[in-house]
Each structure stands twice: as structure tokens, then as C-alpha cells.
Amino acid sequence: MKRAACFLFSVYAAAPVILYLLPWILGHVIFCHFLKFPFSVDLSRPADVLNHTCNFYLSPEEGVSVGVWHTLPASQWEGSVGRGPEWYREALGDGRPVIIYLHGNLGTRAIHHRVELVKILSAAGYHVLSLDYRGFGDSTGEPSEEGLTRDALCLHDWVLQHSRGASVALWGHSLGSGVATNTAVQLQDQGSAVDAVILEAAFTTIGEVVAIHPVTKMYMFLPGFESLIWSILNMNNIVFASDKNLETVSSPLLILHSEDDHIVPYQMGLKLYEISLQAQKQYKTDVQVEMISYSADLGYSHNNIYLDPNLTNRLGNFLQTLRK
């Protein structure tokens with residue numbers, strides 16, 4: 001028993017030292033891209049978990065390949081039987097709205113709650129493009145904030161080339177919310193603002209999420225530990241500052257957050273909503289800014305907002321004014 005206690009204490013005490021000596025570890029913990037759940041799914045064969053879906057790859061830069069699933073809207077299901085990538089690419093130009101889905105950390109585009117959301121969006125009449133960032137799933141390369149944002153920009157550009165003017169929305173969940181706001185800001189700076197941004201279980205900055213993680217809290221009493229965490233994040237250029245991004249984003253915004261979210265507190269989503277409302281007043285615009293809150297009694301927590309039976313109606317009302 002004494003030896004076990006000494007071992008556990010040694011592991012506990014070693015963690016800050018390891019982070020200091022090997023700062024890249026924190027980035028790997030944040031992205032968790034090496035946990036490629038579910039292991040049993042062949043990502044090149046989406047039909048194993050998701051019908052009416054085509055797999056393809058894009059190259060955001062030399063040496064990097066990212067995997068994407070294109071899931072069709074209900075109106076195209078019947079005609080998709082036996083069709084290949086070229087047909088799917090043409091189908092993207094049918095005028096139906098397009099949602100680029102940017103998932104959270106850990107796992108692949110085949111994780112259950114991601115697939116279930118895509119099924120719902122597809123049945124509601126949307127094209128859905130689900131991206132595995134570099135280093136995730138079957139995508140090559142190593143993840144970084146800049147890299148993930150570049151992957152999303154690449155997919156958005158590809159969608160614009162093939163969607164023939166249809167509305168395009170970014171849907172970011174958890175870590176993907178930071179990717180979505182980064183992407184929205186960069187598109188806006190390029191003079192081509194995205195048509196809409198949807199943030200599910202969104203945080204203010206990644207550092208604030210790390211700071212409240214149960215494991216991190218175990219060390220917060222140590223002098224200098226919090227400064228060490230922020231220093232490592234800055235050193236690795238991992239910020240995902242959605243709070244700052246939303247001060248300038250001019251695209252219509254919908255925020256979805258559950259009050260019982262145990263990973264990203266509801267208050268963070270509320271703060272982002274307040275920031276966006278303030279920006280709306282500051283720039284004197286009438287751009288749509290909306291937040292939908294889910295009671296803790298529903299038990300949707302961090303990953304299960306797709307269970308909302310009214311989700312497609314809420315989404316339809318939000319996107320209705322954007323249709324071109």
C-alpha cells in the first residue's frame with residue numbers, strides 16, 4: 001500500500017515537470033487526435049454507418065490530406081444509389097443549403113453523436129460536409145490551431161466552387177467552435193464572409209476550458225502552475241479565441257448550449273452570446289444573433305443536443321432568411 005501511494009504521488013508530482021520539459025504534450029491532450037474512435041469503422045466506406053454519403057479527400061497544403069464525408073439532403077437520396085464522387089460533386093450544386101460540420105476533439109467523423117447529427121441534418125434537407133482535420137481519422141499531418149483553421153478554409157473554398165451559390169453555414173461543436181470562429185474571421189478578412197455560423201457547446205478560449213478541467217484543478221494550488229499552462233498554450237500557438245473573434249464576426253450567429261454541459265460550461269456560451277449582441281450594437285447592424293439554451297433536466301450535456309426533437313425546426317427558422 002505504501003509503495004502504491006508513493007508511486008501515485010510520484011506520478012502526480014511529475015506531471016508539471018513533464019509539461020515544462022515536453023510542452024507539446026499539452027497540445028496532444030487538447031486535440032486527442034491519436035484516439036481514433038471508433039476503431040472498427042473504415043472511414044473510406046461511410047455507408048457502414050451513414051447512408052447517402054460519399055468519402056473524398058482534399059489537400060489544404062503540400063503533404064497534408066484531409067478526409068471528408070459528403071452526406072446528401074433527403075431530396076437526393078433516391079438518385080444517389082450506385083453513384084460516385086463526381087455525381088455527388090454535381091449534386092452539391094442543387095441549390096440546397098450546405099452545412100460544413102467541424103467536430104470537437106478526440107475521435108473521427110464516425111463517432112456516434114456526430115453521425116446522428118448528420119443524419120438529422122440530411123433528413124431535414126441539408127448537404128452536410130463532415131471534416132476530419134489533419135491528424136484526425138484518416139487525415140495526414142499533425143494538428144495545430146493554424147492547421148485546423150486552414151483545413152476548414154480549404155473545405156469552404158471547395159464548397160463554394162461546387163455549390164453554385166447555395167447558402168453555406170459553418171457548424172462548430174466544442175473544439176470545432178473555435179475552428180469555426182477562426183474560419184469566419186479569416187473569410188471575412190478576405191472579403192467573403194460565411195453565410196452563417198452555428199456554435200454548439202462553444203467555449204470562450206481553449207485556455208479557459210483547460211483551466212477548469214478536473215485534472216488541471218488538481219494542480220492549480222501550486223505556485224506558477226496556471227502561468228505555466230498559459231505559457232505553454234501561447235508557446236504552442238493554441239488559443240482558439242472565440243470571444244475575441246465574435247467581437248468582429250458579422251455573419252448571422254446561432255449558439256446552442258445545454259445548461260448541464262460538464263465540459264464547456266453553459267456560462268461560456270452565454271458570454272459569447274453577450275459579446276455578439278454587444279458587437280451588433282457597436283456596429284449598428286441588424287445581423288441575426290440567437291442563442292438556444294437547453295434545460296439541464298433534458299440531459300443533453302456536451303454531445304447530445306442532436307436529441308432535441310425541434311432542432312431542425314429551430315435551425316430552419318434561423319437559416320430561412322439566408323436562402324439565396
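Start with phenylalanine 240: at 0% relative accessibility, this residue counts as buried, because the cut-off for buried is under 20%. Keep in mind that this is a predicted model. Phenylalanine 240 sits in the loop between α9 and α10 (242-245), and its phi is near 45 degrees, a positive value in a residue other than glycine.

Is serine 301 buried or exposed? It counts as buried, because its relative accessibility is 13%.

Here are the two residues side by side:

| Residue | Phi | Relative accessibility |
|---|---|---|
| phenylalanine 240 | near 45 degrees | 0% |

A cis peptide bond links phenylalanine 37 to proline 38, with omega at about -10 degrees. Proline 38 falls in the loop between α2 and β1 (53-61).

The largest pocket has a volume of about 940 Å³. It is lined by 37 residues, and the closest to its centre are Val29, Ile30, Asn105, Val210 and His213. Elements giving two or more residues to this lining include α2 (24-31), α7 (206-211) and α9 (225-235). Which element gives the most to the lining of the largest pocket? That would be α1, with 6 residues.

Technical notes: Residues are numbered from 1 along each chain as its sequence is written. This is a predicted model: local features need pLDDT of at least 70, side-chain atom pairs count only at pLDDT 80 or more; totals for chains, interfaces and linings use all residues. Side-chain values use heavy atoms; hydrogens and water are left out. On a 1 Å grid over the protein atoms alone, a cavity is a set of points where a 1.4 Å probe fits but cannot get out, and a pocket is an open set with protein on both sides within 12 Å along at least five of seven lines; lining residues have an atom within 4 Å of a point. Grid points are joined across faces, edges and corners, and a volume is the space filled by probe spheres set on the points. Helices (H or I, at least four residues) and strands (E, at least two) are DSSP runs, numbered from the N terminus. Buried means under 20% relative accessible area, exposed over 50%, partly exposed in between (1.4 Å probe, protein chains only).
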